[in-house]
Amino acid sequence: MTTDLYSHLQPKGSVEDAFSKAVIGQHHLTNAVLKMGEGAVAWALEEAASSLKRLQDEFQTVPDLPTPEIRLNLETLILDIFMSSLSRNSEHFTLKLIPSMARQAARREVPFSSIVKNMRANQTIWVNHFFTASASRTFAPSTVQRLVTNGAGVVDEIIEHFVLCYLDERQVLMESQIARRRALVEKLIGNAGALQPFELKQIKKDHGLDLEHFHVGIIISDLNTKLSSDLGELQRNLQDAIIGDTPLVVSFTQHLTWAWVSTPRAPTPTQLKRLEETLGQLSGTQCALGEPAKGPAGFRRTHLQARDVSSVAILSPIKGVMRWADHVLTILVGQDLEKAAWYVDSVLGPLANKSEKAGGYRQTLSAYLQSGNSLLHGAEALGIHRNTLVYRLQQIELLLGCPIKQRELEIRCALHLITQYEGRVLKHERE
């Protein structure tokens, strides 16, 4: 039965013209006409068409805007809003359209806040236009309240459903993107030299990554990335670290996150320092950095360097950010902790013991080598007399079984491993 509430509403054009341009389904249209009247429905369809024009202006930068679908949503929404004032139990047909609209918005990366804002703006405009068109009529306060609150309730319900559907779709898209990135990374690491020029262009198009740029490989241990949104936040932080860079982040395992920062030119020391500072703010993690390297081969090389640093970092007491260049010696001679201990024992012999006396000898030896093999400066560093240092070095050479100069490189490496791994490469005296 047609209500008197909307009987005065008439379109600016003809009813027939408004109906002919509508995209809403015939069943829904007929149902609306029975409850609101032809003139009111035609008026509502014109309002929806005007809203469509406003929306097209607002979202003109969105590619392939699905105009017919948007018009259908607007027509359905305005009829749902005005029919909600006629019955508390009126069906909201817009809810059935929301999942499709939310998916399209998410895939086009339209911020859901913009769409929510647009929905509320349309509701306000439509209600205001209704009262403007009803200036000659007098409504009871309860009727006015019902029009406003029921309409707002419809929009609230639709917005809630839209946001949930939108976020679900974004999650699916993000997980799909992560899977594609992981597959890309595995291919690049396994066979970077085999890429053809057209493949490089496709990678840049799909992932925004120019493989011809310079790359810095990063591996982060124990980063809390339970949600794909956590990876997105990390990617944004890396992008902020070096202006104009392109970050790529992949969650490799539950405890390891792989990342790259790519720049058109070789990153400056200042940029690398800023990157280290950004990574240093990730509490409770160890971050391993490869050295900047160019091209597909460089993408692979810097990652493998970071991976080597990461494997050493697990054994090392050092926390925070570790760069390959600073730890390459440890990587080359100490990746296997057991073999590193064998090496230290082989080179230092009794000086590899955990005893206090052996520790004193190692301290003396380190000070002497760090002073450039200077007796004077070595003695100053230790706070002892030069002759005392000479005596200690003689004792050390007796324990080593050879002059220090004869195996200086090996001795330096062994002392370096002790510094890196502390007591884990030393032995008890009776061993």
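Phe 59 touches Leu 65, Val 110, Ser 114, Ile 115 and Asn 118, leaving out residues up to four places away in sequence (contact means heavy atoms within 4.5 Å). That's a handy way into this predicted model, where local features need pLDDT of at least 70, side-chain atom pairs count only at pLDDT 80 or more, and totals for chains, interfaces and linings use all residues. Residues are numbered from 1 along each chain as its sequence is written, and side-chain values use heavy atoms, with hydrogens and water left out.

**Around Phe 59**
- You'll find Phe 59 in the loop between α3 (38-58) and α4; helices (H or I, at least four residues) and strands (E, at least two) are DSSP runs, numbered from the N terminus.
- With a relative accessible area of 9%, Phe 59 is buried (buried means under 20% relative accessible area, exposed over 50%, partly exposed in between, with a 1.4 Å probe and protein chains only).
- Val 110 sits 51 residues from Phe 59 along the chain, and their C-alpha atoms are separated by 8.6 Å.

**Overall layout**
- The chain has 17 helices and six strands.
- Its radius of gyration is 36 Å, well over the 22 Å that the globule rule gives for 431 residues, so the chain is more spread out than a compact globule; the radius is taken over C-alpha atoms, and the rule is 2.2 Å times the number of residues to the power 0.38.
- Along its principal axes, the C-alpha trace spans about 110 × 50 × 35 Å.
- The domain assignment gives domain 1 (15-172), domain 2 (209-331) and domain 3 (336-421), with bounds that come from an automatic or database assignment.
- Between the C-alpha centres of domain 1 and domain 3 there are 81 Å.
- Of the 431 residues, 47% count as buried.
- Take contacts between residues at least 6 apart in sequence, and 73% of them join residues at least 24 apart.

**The largest pocket**
- Its volume is about 380 Å³; grid points are joined across faces, edges and corners, and a volume is the space filled by probe spheres set on the points.
- Of the 24 lining residues, the closest to the pocket centre are Leu 55, Ile 70, Asn 73, Met 101 and Ile 115.
- On a 1 Å grid over the protein atoms alone, a pocket is an open set of points where a 1.4 Å probe fits, with protein on both sides within 12 Å along at least five of seven lines, and lining residues have an atom within 4 Å of a point.
- The elements giving two or more residues to the lining are α4 (67-83), α5 (94-107) and α6 (112-133), and the largest share, seven residues, comes from α5.
- By type, the lining divides into 16 nonpolar, six polar and two charged residues (Ala, Val, Leu, Ile, Met, Phe, Trp, Tyr, Cys and Pro count as nonpolar, Asp, Glu, Lys and Arg as charged, and the others, Gly among them, as polar).

**Two buried helix residues**
- Ile 158, in helix α7 (residues 141-191), counts as buried at 1% relative accessibility.
- Beyond its neighbours within four places in sequence, Ile 158 is in contact with Leu 77, Thr 94, Leu 95, Ile 98 and Met 119.
- Thr 364, in helix α14 (residues 356-370), is also buried, at 1% relative accessibility.

**Positive phi**
- Most residues other than glycine have a negative phi.
- Glu 109, in the loop between α5 and α6, has a positive phi of about 60° and is exposed, with a relative accessible area of 61%.
- Asn 373, in the loop between α14 and α15 (375-382), has a phi near 65° and counts as partly exposed at 21%.
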